[in-house]
Amino acid sequence: MQISLQTVYDNLAQIDQVDTTTSAMYRQSAQEVLADPEVSLEWRKAISDRLNRVNHELTVHAHVDDDSY
């Protein structure tokens, strides 16, 4: 079953609120969209931007929450 581009985009906004498995599925869906040349450049750019933003936010929060210093 293929999900809509809007759903892929929306799921990325919730990636920090779901479990690790669901997060991985959301990321994989986004990567599949980015690799599909039939998807419009506008959609691929929007999904890429959101994926980059959530990756950055998760990285920043992971370092802030890390008490291993």
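This is a predicted model: local features need pLDDT of at least 70, side-chain atom pairs count only at pLDDT 80 or more; totals for chains, interfaces and linings use all residues.
Helices (H or I, at least four residues) are DSSP runs, numbered from the N terminus. The protein chain averages a pLDDT of 90, and 88% of the residues score at least 70.

Local features need pLDDT of at least 70 and side-chain atom pairs count only at pLDDT 80 or more, while totals for chains, interfaces and linings use all residues. Residues are numbered from 1 along each chain as its sequence is written, and side-chain values use heavy atoms, with hydrogens and water left out.

**The nonpolar core**

- The largest nonpolar core has ten residues in all, among them Val8, Tyr26, Ile47 and Val54; such a core is a set of buried Ala, Val, Leu, Ile, Met, Phe, Trp, Tyr and Cys residues joined through side-chain atoms within 4.5 Å.
- The elements that give two or more residues to this core are H1, H2 and helix H3 (41-65).
- In soluble globular proteins, nonpolar side chains tend to be buried together.
- Leaving aside its neighbours within four places in sequence, Ile47 is in contact (heavy atoms within 4.5 Å) with Leu5, Val8, Tyr9, Leu12, Ala30, Val33 and Leu34.

**Two residues in their surroundings**

- Asn11, which lies in helix H1 (residues 5-13), counts as buried because its relative accessibility is 15%, and buried means under 20% relative accessible area, exposed over 50% and partly exposed in between (1.4 Å probe, protein chains only).
- Beyond its neighbours within four places in sequence, Asn11 is in contact with Ile3 and Tyr26.
- Trp43, found in helix H3, counts as partly exposed because its relative accessibility is 28%.
- Not counting residues up to four places away in sequence, Trp43 touches Leu5, Gln6 and Tyr9; Trp43 and Tyr9 are 34 residues apart in sequence and 8.6 Å apart in space, C-alpha to C-alpha.

**The largest pocket**

- The largest pocket has a volume of about 210 Å³, a volume being the space filled by probe spheres set on grid points, which are joined across faces, edges and corners.
- On a 1 Å grid over the protein atoms alone, a pocket is an open set of points where a 1.4 Å probe fits, with protein on both sides within 12 Å along at least five of seven lines, and lining residues have an atom within 4 Å of a point.
- Of the ten residues that line this pocket, the closest to its centre are Gln2, Ile3, Ser29, Glu32 and Val33.
- The largest share of the lining, three residues, comes from H2.

Terms used. pLDDT is the predictor's confidence in each residue, from 0 to 100.
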